[in-house]
Amino acid sequence: ELAVQMFVSNTNHLYLRPGIEVIKAAGGLHKFMNWDKAILTDSGGFQVYSMSEIRKITEEGVKFRSHIDGSSHMFTPEFATELQVNLGSDVAMCFDECAPYPCTYDYAKQSMEMTLRWAKRCKDTFTAMNPAERGNKIFGIKFKISPLVFQKRINFSEYRYYIFPLAYLIDRAVVQKVKEAPSFERRVDII
């Protein structure tokens, strides 16, 4: 038996099919999946990144066409957060722009700065919806883009223990250092 404690679900895919209303009608994602442990939902940022041929990124958010039927959709930080709260996710991820690798320094810097602005919008939306009363958490995406210095414009310490680097955004050496870090504060310093 696998000792799985948390299941990861993708907001973008659930939004497109079967649809948020179907899941809400079933009583939320836990009941829809018949899963009584924690669920983390990805914001959909990586999925819209992977649709480079059928998406447009602006400060407002990302407009994309469905890979299923070609219909047009818009994900903003607010909408992605609302979707995750409405799914009943235990841990919601902030909507982010995933910079391609490799990319120019200027592109990486602009992407990081927009992701920071989007993270604030996600946090504000999350706070306004008050899902913490139900035990929901929001996950602040924070990562090191060498040689960029991550500027703390958002107090990520408020995210408590929900800050970890995403393996596909940073190198394995950084992931290993984070795993070996003795404390939350040290993990934050590393990433």
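**Rings and a helix pair**

Okay, let's start with the rings: Tyr15, Phe64, Phe75, Phe79, Phe95 and Trp118 are linked into a cluster by ring pairs. A pair here means Phe, Tyr or Trp rings (for Trp, the six-membered one) with centres within 6.5 Å; planes under 30 degrees apart are stacked, over 60 edge-to-face, and the rest tilted.

Quick note before I go on: this is a predicted model, where local features need pLDDT of at least 70, side-chain atom pairs count only at pLDDT 80 or more, and totals for chains, interfaces and linings use all residues. Residues are numbered from 1 along each chain as its sequence is written, and side-chain values use heavy atoms, with hydrogens and water left out.

So, searching the whole structure turns up seven aromatic pairs. One of them is Tyr15 with Phe79, edge-to-face, 5.5 Å centre to centre with 85° between the planes. Tyr15 sits in helix H1 and Phe79 in helix H5, 64 residues apart. (Helices are DSSP runs labelled H or I of at least four residues, strands are E runs of at least two, numbered from the N terminus.)

Then there's Phe95 with Trp118: ring centres 5.1 Å apart and planes at 20°, so that pair is stacked. Phe95 is in the loop between strand E6 and H6, while Trp118 is in helix H6.

Buried or exposed, what is Trp118? Buried, at 0% relative accessible area, and Phe95 is buried at 0% too. Phe79 is partly exposed at 25%. The cut-offs: buried is under 20%, exposed over 50%, partly exposed in between, with a 1.4 Å probe and protein chains only.
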